[in-house]
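Please view the sequence and the model together while reading.

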Amino acid sequence: MRAAEIRVAIHSDQDIVTARQEGRALAIELGFSTGDATLIATSISELARNIVSYARRGEITLKIVHASSRQGISIIASDSGPGIRDIRQAMRDGFSTSGSLGLGLPGVRRLMDEFEIASEPGRGTIVVVKKWKQ
Amino acid sequence: MEVPILKQGEVLIATFQAALSDADLNHLRMGLVQQVVKFRSRAVIVDVTAMDVMDSFASRTLREIAHMIRLRGAETVIVGIQPEVAFAMVQLGLTLEGVATALDLEEGLAYLTQKFKNTD
């Protein structure tokens, strides 16, 4: 039996790889299709990269979630970094403050079934996304 | 992580592994361009068949590799993007605009052979 949650500390680009591999393994184990496992792994990669790029350190937590008869995966990306001043702007395609391609948040929202974000300037950011098994 | 780069005549073939970190990708970008210069290669095939995740950083790096190699007067073909990876890229809004792609290594080589024939 798997642990109820998997935590991956995110400090460097290597941790991004670890987190997305854990996510894919968990998704496959739960019976997600390889296509959905790829969407989950890609979302983790984007969320973990935001942590490394903007907050330098944080954590990715993977959880198995249940709702009525459905099973799914929840990914929680949290950091105590600078936070996002304007979430509405960050959720627009192409918006970036670090010269990168942008936070990739609108893209992650499209890859997953549920998306929530909370951020406070100077305190940090938490993004919670979920994917339900088809 | 080392990425094997194979020299086949005027073409370099780089085979990307699944678990490439950002640092690996950066390293590779420089390495590939240097090899193109060293061997006076006319083309590079980047085989991404094994890559199970193509996120924004990886696709940007691939685009940069292709553009740098074009500035050297050589051609880049990305081969082997898996269907589910392609789906995730489209959902994320990632494109490889201006970069040639082919189904697999064989198709990539065929594309280049045709291209060389037209320019020789």
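## Basis and confidence

This is a predicted model, in which local features need pLDDT of at least 70 and side-chain atom pairs count only at pLDDT 80 or more, while totals for chains, interfaces and linings use all residues. Residues are numbered from 1 along each chain as its sequence is written, and chains are lettered from A and ligands numbered from 1 in the order in which they are written.

The predictor's confidence in each residue, pLDDT, runs from 0 to 100. Chain A has a mean pLDDT of 89, with 90% of its residues at 70 or more. Over residues 97-101 of chain A, pLDDT stays under 50.

## The sheet of chain B

Helices (H or I, at least four residues) and strands (E, at least two) are DSSP runs, numbered from the N terminus. Two strands pair if DSSP finds at least two bridges between them. Chain B holds an open sheet of 5 strands with mixed pairing, in the order β1-β2-β3-β4-β5. Because β1 (5-8) and β5 (100-102) of chain B each have a single partner strand, they stand at the edges, and one side of each is left without a neighbour in the sheet.

Strand β4 (residues 75-79) of chain B pairs with β5(B) in the parallel sense over 3 bridges; B:Val77 stands opposite B:Ala100 in β5(B).

## The contact between the chains

Residues are in contact if their C-beta atoms, placed from the backbone, lie within 7 Å. Chain B contributes 17 residues and chain A contributes 22 residues. On the side of chain B that touches chain A, the elements giving two or more residues are α1 (22-39), α2 (56-71) and α3 (83-92) of chain B. Of these, α3(B) gives the most, with 6 residues.

Helix α2 (residues 34-55) of chain A packs against α3(B) at an angle of about 45°, with the axes 9 Å apart. Such axes are lines fitted to C-alpha atoms, for helices over the stretch in contact, and angles run from 0 to 180 degrees between N-to-C directions. Among the residues making this contact are A:Thr38 and A:Leu39 of α2(A) and B:Phe87 and B:Ala88 of α3(B).

## A hairpin in chain A

Strand β4 (residues 114-120) and strand β5 (residues 124-132) of chain A pair in the antiparallel sense over 7 bridges. A:Glu120 stands opposite A:Gly124 in β5(A). β4(A) and β5(A) form a hairpin with 3 residues between them, and A:Gly122 in the turn has a positive phi of about 85°.

Terms used:
Two residues are in contact if their C-beta atoms, placed from the backbone, lie within 7 Å.
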